[in-house]
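Trainee: I would like to go through this protein step by step. Please start with the whole chain and then move to the details.

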Amino acid sequence: MLDLDVHDGQRILEVGTGSGWSAALLAHRVGADRVVTVEVDAALATRARRRLAALGPAAPEVVTADGAAAGPTGDAYDRLLCTCAVERVPMSWLARTRPGGRIVTPWATSWTAAGSAILTTRQDGSATGRFAPGGAFMRMRAHRADRIDDLDTVVRPEHVPDLGRTAVSPWEVTGDADFAIGVAVPGVWHLWEPQPPADSVHTRFWAADEAGTSWACVDYDGTRLTHLAVRQFGPRRLWDQISAAHAWWASAGRPGLDRFRLTVDADGTQSVRHDSPTGVSWPVPGTAPGIHRFPKCSTNRE
């Protein structure tokens with residue numbers, strides 16, 4: 001809430017009413033008549049209206065609508081707060097926020113949900129800003145499109161993977177490097193299989209793309225974290241891509257998410273850039289893929 005930088009007299013649009021808690025806090029800060037909150041779930045919106053009615057006749061307005069769309073009509077807002085994670089900023093938000101206004105939203109990639117994006121809108125209809133730690137929430141319903149994220153669907157008995165070795169531990173690509181991996185290797189999810197069926201494997205790490213065409217796995221034998229066995233299948237050499245992203249991150253000084261910036265152009269183009277003189281950048285995928293449901297692990301994969 002501090003990142004929203006609320007001041008007296010501002011009009012605020014909240015996307016994702018939920019219980020109504022944040023709307024109540026904002027109403028207390030700037031006045032209920034200056035707060036509009038949007039909830040896509042009709043049942044949640046109804047319950048929130050009842051709770052907020054306890055504030056009296058000046059309760060903030062609760063609108064049942066898709067917050068990823070234009071939302072309620074009317075004047076532009078000074079601040080827009082989203083309480084669910086997005087993988088791509090809806091352009092309608094820029095249209096509903098005054099130039100110089102601020103948008104704060106949890107941010108996610110297919111790889112991880114980490115941090116919040118804090119954007120300032122511009123006169124030309126674009127926006128730019130930074131990322132800050134914290135703010136991991138469920139993904140926006142409009143961003144929960146169908147995706148293939150079931151391991152038993154992706155990994156098939158007829159697949160013949162390429163075999164190799166890696167000096168990069170899977171633990172290295174799922175810790176501090178999470179954010180960089182997520183933006184550099186889009187559309188890829190991962191999971192751990194702590195008790196794989198192979199007797200010689202202590203822990204198995206899986207990565208797969210949402211198209212369901214490519215996968216990779218790295219096996220840890222319980223004794224050493226170097227020269228681990230790798231298998232890769234499909235047109236995307238996923239472990240190669242992940243390793244390359246990790247190598248860049250390490251060479252750049254292992255930057256945290258606060259060293260990255262997000263740009264949203266007026267034409268809808270979006271990109272994440274490392275905040276350095278060299279300015280390496282990655283495009284944000286043109287469509288926001290769906291929610292990451294923890295895939296189940298098969299018991300018959302060796």
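Mentor: What follows is a set of questions and answers on a predicted model.

Trainee: How many helices and strands are there in the protein?
Mentor: The C-alpha atoms fill a box of roughly 65 × 45 × 30 Å along the principal axes. Within the protein, the count is six helices and 15 strands.

Trainee: What percentage of the residues is buried?
Mentor: A residue counts as buried when its relative accessible area is under 20%. The protein has 302 residues, and the buried share of them is 51%.

Trainee: How far apart are the centres of the positive and negative side chains?
Mentor: There are 32 positive and 34 negative side chains. The centres of these two sets are separated by 3 Å.

Trainee: Which strands stand at the edges of the open sheet of five strands?
Mentor: The strand order is β8-β12-β11-β10-β9, and the pairing is antiparallel. An edge strand has a single partner, so one of its sides is left without a neighbour in the sheet. On average, neighbouring strands here are turned by 20° against each other, direction ignored. The strands at the edges are β8 (162-166) and β9 (188-193).

Trainee: Which residue in β11 is the bridge partner of A208?
Mentor: Strands of a sheet pair through backbone hydrogen bonds. Here β10 (residues 203-209) and β11 (residues 215-220) run antiparallel and are joined by six bridges. In β11, the partner of A208 is W215.

Trainee: What angle does the direction of helix α6 make with that of β10?
Mentor: Helix α6 covers residues 238-251 and packs on the sheet. The strands touched by α6 are β8, β9, β10, β11 and β12 (228-233). The angle between the directions of α6 and β10 is about 95°.

Trainee: Is P170 buried or exposed?
Mentor: P170 is in the loop between β8 and α5 (178-184). The cut-off for a buried residue is under 20% relative accessible area. P170 has a relative accessibility of 2%, so P170 counts as buried.

Trainee: Which residues is P170 in contact with, leaving aside neighbours within four places in sequence?
Mentor: Contact here means heavy atoms within 4.5 Å. With those sequence neighbours set aside, the contacts of P170 are W192, F205, V218, L228 and W239.

Trainee: How far apart in space are P170 and V280?
Mentor: In sequence, P170 and V280 are 110 residues apart. In space, from C-alpha to C-alpha, P170 and V280 are apart by 24 Å.

Key:
Residues are numbered from 1 along each chain as its sequence is written. This is a predicted model: local features need pLDDT of at least 70, side-chain atom pairs count only at pLDDT 80 or more; totals for chains, interfaces and linings use all residues. Side-chain values use heavy atoms; hydrogens and water are left out. Two strands pair if DSSP finds at least two bridges between them. Helices (H or I, at least four residues) and strands (E, at least two) are DSSP runs, numbered from the N terminus. Axes are lines fitted to C-alpha atoms, for helices over the stretch in contact, and angles run from 0 to 180 degrees between N-to-C directions. Buried means under 20% relative accessible area, exposed over 50%, partly exposed in between (1.4 Å probe, protein chains only). Lys and Arg count as positive and Asp and Glu as negative; His and the chain ends are not counted. The place of a charge is taken as NZ of Lys, CZ of Arg, CG of Asp or CD of Glu.
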